[in-house]
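This briefing is for a reader who is meeting the structure for the first time. Please look over the sequence and the model before reading on.

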Amino acid sequence: MVRARQGAGPDGVAKPRSSGIKVIIVGLGYSGAAAAIECHRKGHDVVVYEQWPGISQLGDIIGISGNAAQIVAKWGDGSVHRRLEPLLSYWRANNIRRYDTGEILYPQPMVGYNAGSGYTAPRGPMAIIMTNHLRDLGVPVHFGKRIVDYFETETGAGIVVDGQRVTADCVIACDGVHSKARTFVVGLDDRPYPTGYATYRAWFSADEAKKNPKLKWMFEGDCDKMETYIGQDMHCILGTCSGMRGVVWNITHKDEYDNVAESWSFPGKHEDVLAYVKGWNERIHDVVMATPKSQLVDYKLVWRDPLPTWVSKHARIILIGDSAHPFLPTSAQGAGQAVEDGATVAICLELAGKDNVPLALKTCERLRYARASLAQQIGKETREIWHKTDFEEAKKNPQSLSMPLPQWLFGHEAQKYAYDEFGAAASSIEDGTEYTPKNIPPPGQNHRVYDFKVEDASPWVKGEVAPRARL
């Protein structure tokens, strides 16, 4: 078995730049932010490049479920958690309803997403908090930098940006669904293919909405609302967030454009949305019409089957997050798995050391590949269930409409797992033997189960861990 270095541990922080490993991170989505923060925490020298000029406020909300929220909650000795708290949402249930009558088919528990067991908040403001934390740590972040190319040798890797070659010990590519790094790693022009669906997304302040009598129902009671309407080839999720301070909705619909090369994100139009939901419940129409034009966006949903590898030929470049495994919204795990990826690669680099960076990246892939692929598949399954619902059969087994809440997914401690399993996974690579992952159900066991409970949530996410002095 590989002899791993002594690490800082799941909650620990190493001295800055103590590992001697220089890391380039491309992309500042949730995987990039998590990888940058976690690499800094584990003592690596980190620099980030992001092609956009800043963090966008557009979009809807995003859920960092309990398995990943427990990682984020530790950042800044709990200071990031405290900044996020005012943004977090709490729902008693996600009421899954029939598309036309609004009949409640199943009230889905929101354990693992609610404040106290997970993080769900507007994606823009939450991303800004993470980016600001990177600045607090002193991690260099270069916005508006488009990567022209990637390169690697047996001893290092790098990027070409602004006409310059920037080198490091490794590159962590977090450049999303349309990743340029993926082509370099896989060795061919591996384009995503259309799912046949796109989604309208919107989030806006509730100040004006509260004055609208047609939206009065959204602000009744003492907690946020979430309603999901399901019908043939389409579903709509709408409600409030952040303690009824925001209104959020999204509609996943059949896509009229087949070519992924076409614009995959563009402004939405109210009249187009209303045409899709003709005959659907009036509450949907009311929320759409109350949405400011500037906050409505249409995204193409693309899919990618599991890649043959996330790691380049010389194992100096690794794909994580959407670059490796894009998720559908119905998984509600895209951000969660991205954060797990970021934490795991940082630990693998720490335990392998500067002389064994290729082994670190290969080990990270081995620890993460099966888990991310199965979590990815859940989103596809749930969408098919919602879009092809037999309403009479659903009445006999209403829980079948729910997104699953499995303990293996929501209760997993990715950081502890990386420390515990690094040696076995690394040895399997060096010995050419099979590694059996323990972070997914055993073969033949149902992965769509509902056994995660609020008491299983991390004390970090519950805010029960007192701040301690750290390096």
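The structure is a predicted model. Its chain is divided into two parts, domain 1 and domain 2. Between them the two domains bury about 2600 Å².

**Domains**

- Domain 1 is made up of residues 22–89, 116–190 and 305–456.
- Domain 2 covers residues 193–303.
- Taken over C-alpha atoms, the centres of domain 1 and domain 2 are separated by 26 Å.
- To the contact, domain 1 gives 29 residues and domain 2 gives 33 residues.

**The interface between the domains**

- The size of an interface is often given as the accessible area lost when the parts come together.
- For domain 1 and domain 2 that buried area is about 2600 Å², and 63% of it lies on carbon and sulfur atoms.
- On the side of domain 1, the residues that lose the most area to domain 2 are Asp60, Trp386 and His387, which together account for 24% of what that side buries.
- No salt bridges are counted between domain 1 and domain 2.
- Six residue pairs are in polar contact across this interface, with both residues of each pair at pLDDT 80 or more.
- Two helices, H4 (123–137) and H9 (357–387), are the elements that give two or more residues to the side of domain 1 that touches domain 2.
- Helix H9 gives the most to that side, with six residues.
- Sorted by class, the side of domain 1 that touches domain 2 holds 14 nonpolar, nine polar and six charged residues.

**The five-stranded sheet**

- Five strands form an open sheet in the order E7-E2-E1-E11-E18, and their pairing is parallel.
- Strand E7 (141–142) and strand E18 (317–319) are the edge strands, and each pairs on one side only.
- Strand E1 (residues 22–26) and strand E11 (residues 170–173) run parallel and are joined by four bridges.
- Valine 26 has alanine 173 of E11 standing opposite.

**Salt bridges**

- The count of salt bridges comes to 20.
- In one of them, the side chains of aspartate 45 and arginine 17 meet at 3.4 Å, N to O.
- This pair links distant parts of the chain, 28 residues apart: aspartate 45 is in strand E2 (residues 45–49), while arginine 17 is in the segment before E1.
- Strand E2, which holds aspartate 45, is also one of the strands in the open sheet.

Note on methods:
Residues are numbered from 1 along each chain as its sequence is written. This is a predicted model: local features need pLDDT of at least 70, side-chain atom pairs count only at pLDDT 80 or more; totals for chains, interfaces and linings use all residues. Side-chain values use heavy atoms; hydrogens and water are left out. Domain bounds come from an automatic or database domain assignment. Contact means heavy atoms within 4.5 Å. Buried area is the accessible area (1.4 Å probe) that two parts lose on being put together, summed over both. A salt bridge is a side-chain nitrogen of Lys or Arg within 4 Å of a carboxyl oxygen of Asp or Glu. A polar contact is a pair of N or O atoms within 3.5 Å; within protein, one must be able to donate a hydrogen and the other to accept it, and residues adjacent in sequence count only if both atoms are side-chain atoms. Ala, Val, Leu, Ile, Met, Phe, Trp, Tyr, Cys and Pro count as nonpolar, Asp, Glu, Lys and Arg as charged, and the others, Gly among them, as polar. Two strands pair if DSSP finds at least two bridges between them.
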